[in-house]
Structure formats: C-alpha cells, structure tokens
Amino acid sequence: MVESLNTKVDLTIDATSYLGTAEYGKIMIGDKGFEFYNDRDARKFIQIPWEEVDFVIASVMFKGKWIPRFAIQTKRNGTYSFASKRPKEVLRAIRVYVDPSHMVRSLSLVDVVKRGVKNIFKKK
C-alpha cells in the first residue's frame, strides 16, 4: 500500500487523471501536497509536493461557469491533467498552498489559432 504525503487532508474528491489513458480515482489535497490515487490499481498513483508545483492551469469556459479540466505543471516532471466532479472546490483548496499568481487560465481555441497564424507570417 502507498503511504500518503499529507498529515492533514483538506479535500478528497472523485476525479479522472489524463496521464496516458483516462484513469478514475480520487484526488486528495492536504498540507504537504497533491495526490491522485487510482480506484482499481493501488500501484497507480501520483504524488506532487507543493514545493514541486510550478503552475496550475485551468481550462475555463463560458466566462468561468464551467471548468472541464485543470493541469498541474511541475518544475521538473512535466504536466499532469485532471478533471473532477467539482473543479472549483479543488482549485480553491489548491489556492491555499499555491501562490494565486501561479494559477492561470489556459489559452482558448481562438487564442491558439491567432498565435498559429501570427507564427506563420512571422519573419525568421
């Protein structure tokens, strides 16, 4: 069995991890870090200490009414994407431990297309 990083748990909620294929499990947010545990296989887990978190990126739609998924970008190990039943609660719990200036919105589809068009016509 896996030992948790946290000594105090603030929030536990059902979630989906998008690391490779979609895996269902639980997100646990506590005083030491962010954790995801798979429901079916105890060996599949993700533990991210708060010191390792660089940015939290939220995909925001309909002017903040709906947040389909969010990602945690770490300093060394890349980006991990998640979705949860109540993402606003999860992001509020993360905001306690991560500096709010490191919590950003992801680019919209229109912004991505604009950036691509600008890069095509940009001088090299």
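This is a predicted model: local features need pLDDT of at least 70, side-chain atom pairs count only at pLDDT 80 or more; totals for chains, interfaces and linings use all residues.

Reader: What is the volume of the largest pocket, and which residues are closest to its centre?

Author: A pocket is described by its volume and by the residues that line it, which are those with an atom within 4 Å of one of its points. Here the largest pocket has a volume of about 310 Å³. Its lining comprises 13 residues, and those closest to the centre are Ala58, Val60, Ile67, Leu91 and Met103.

Reader: Which elements supply at least two residues each to that lining, and how is the lining divided by class?

Author: At least two residues each come from β5 (53–61), α1 (87–95) and β8 (103–105), and α1 gives the most, with 4 residues. By class, the lining has 8 nonpolar, 4 charged and 1 polar residues.

Reader: What lines the second largest pocket?

Author: The second largest pocket, with a volume of about 180 Å³, has a lining that includes Ser59, Val60 and Met61, together with Arg105, Ser106 and Leu107. Both β5 and α2 (109–121) supply at least two residues to this lining, with β5 giving the most, 3 residues. The classes here are 4 nonpolar, 4 polar and 3 charged.

Reader: Turning to the loop between β4 and β5, is Glu52 buried or exposed?

Author: The reading rests on relative accessible area, where under 20% counts as buried. Glu52, which lies in the loop between β4 (45–49) and β5, has a relative accessible area of 12% and is therefore buried. A polar atom of the Glu52 side chain lies 3.0 Å from the backbone nitrogen of Arg76. Leaving aside residues up to four places away in sequence, Glu52 touches Gln73, Thr74, Lys75, Arg76 and Asn77.

Reader: How many aromatic pairs does the structure hold, and how is the pair of Phe70 and Phe82 arranged?

Author: The structure holds 6 aromatic pairs. In one of them, Phe70 and Phe82 are 6.1 Å apart centre to centre with 35° between the planes, a tilted arrangement. Phe70 lies in strand β6 (residues 66–74) and Phe82 in strand β7 (residues 79–84), so the pair ties together parts that are 12 residues apart in sequence.

Reader: What are the relative accessible areas of Phe70 and Phe82, and which residues form the aromatic cluster?

Author: Phe70 is buried at 2%, and Phe82 is buried at 0%. Phe34, Phe36, Phe70 and Phe82 together form one aromatic cluster.

Key:
Residues are numbered from 1 along each chain as its sequence is written. Side-chain values use heavy atoms; hydrogens and water are left out. On a 1 Å grid over the protein atoms alone, a cavity is a set of points where a 1.4 Å probe fits but cannot get out, and a pocket is an open set with protein on both sides within 12 Å along at least five of seven lines; lining residues have an atom within 4 Å of a point. Grid points are joined across faces, edges and corners, and a volume is the space filled by probe spheres set on the points. Ala, Val, Leu, Ile, Met, Phe, Trp, Tyr, Cys and Pro count as nonpolar, Asp, Glu, Lys and Arg as charged, and the others, Gly among them, as polar. Buried means under 20% relative accessible area, exposed over 50%, partly exposed in between (1.4 Å probe, protein chains only). A polar contact is a pair of N or O atoms within 3.5 Å; within protein, one must be able to donate a hydrogen and the other to accept it, and residues adjacent in sequence count only if both atoms are side-chain atoms. Contact means heavy atoms within 4.5 Å. Rings of Phe, Tyr and Trp (its six-membered ring) pair if their centres lie within 6.5 Å; planes under 30 degrees apart count as stacked, over 60 as edge-to-face and the rest as tilted.
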